[in-house]
Amino acid sequence: MYGDGKGVEYDFDKSVEWDLRAWELGNESSLHNLGVTYRTHGAAREARKYFERAIAAGDGDALLELAKLLDVSDFETANVLRLLRLVNESDSVTEDSREEASSLITEIERRGLEL
């Protein structure tokens with residue numbers, strides 16, 4: 001809630017603190033939340049670290065978030081496409097994530113054709 005400012009004032013430090021507590025208590029979705037919080041705050045390295053931990057814990061939706069984080073450089077295109085394809089192969093993703101991954105694959109492939 002602190003990370004979204006829902007019902008409380010936005011507070012980056014408290015958002016991280018509560019997600020770390022939740023993670024320590026076994027809530028693995030907190031890893032994904034930490035990645036989103038750090039990405040929103042502009043800390044790409046920290047975001048990547050938590051998305052990768054979430055992926056290792058089996059969070060397929062974190063594959064999409066990591067792909068979006070990396071889709072800022074043509075040097076990462078192959079890796080981004082690999083991650084997006086993994087989203088579509090994963091059993092642990094939401095249908096919305098699967099649809100977004102498919103859409104991004106199409107967009108990236110179209111960009112490649114335009115070059």
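A salt bridge, as the term is used here, is a side-chain nitrogen of Lys or Arg within 4 Å of a carboxyl oxygen of Asp or Glu. By that criterion, a search of the whole structure returns 10 salt bridges. In general, side chains of opposite charge can pair when their charged atoms come close.

Good morning, colleagues. Please note that this is a predicted model, in which local features need pLDDT of at least 70 and side-chain atom pairs count only at pLDDT 80 or more, while totals for chains, interfaces and linings use all residues. Residues are numbered from 1 along each chain as its sequence is written, and side-chain values use heavy atoms, with hydrogens and water left out.

Let me begin with the overall architecture. The protein contains 6 helices and 0 strands, where helices (H or I, at least four residues) and strands (E, at least two) are DSSP runs numbered from the N terminus. Its C-alpha atoms fill a box of roughly 45 × 30 × 25 Å along the principal axes. Of its 115 residues, 34% count as buried; buried means under 20% relative accessible area, exposed over 50%, and partly exposed in between, with a 1.4 Å probe and protein chains only.

I turn now to the charges. There are 14 positive and 25 negative side chains, with Lys and Arg counted as positive, Asp and Glu as negative, and His and the chain ends not counted.

Which residue forms a salt bridge with Arg39? The partner is Glu65, and the closest N and O atoms are 2.5 Å apart. Arg39 lies in helix α2 (residues 29–40) and Glu65 in helix α4 (residues 61–70), so this pair ties together parts that are 26 residues apart in sequence. Arg39 is partly exposed, at 27% relative accessible area, whereas Glu65 is buried, at 11%. Both belong to a network of salt bridges that also links Lys68 and Glu100.

Two further pairs each sit within one helix. In helix α1 (residues 12–24), Glu17 and Arg21 are 4 residues apart, about one helical turn, and their closest N and O atoms are 2.8 Å apart. Glu17 is partly exposed at 35%, as is Arg21 at 39%. In helix α3 (residues 44–56), Glu46 and Lys49 are 3 residues apart, again about one helical turn. The closest N and O atoms of the salt bridge between Glu46 and Lys49 are 3.0 Å apart. Glu46 is partly exposed at 29% relative accessibility, and Lys49 is partly exposed with a relative accessible area of 29%.

Thank you for your attention.

Methods
The place of a charge is taken as NZ of Lys, CZ of Arg, CG of Asp or CD of Glu.
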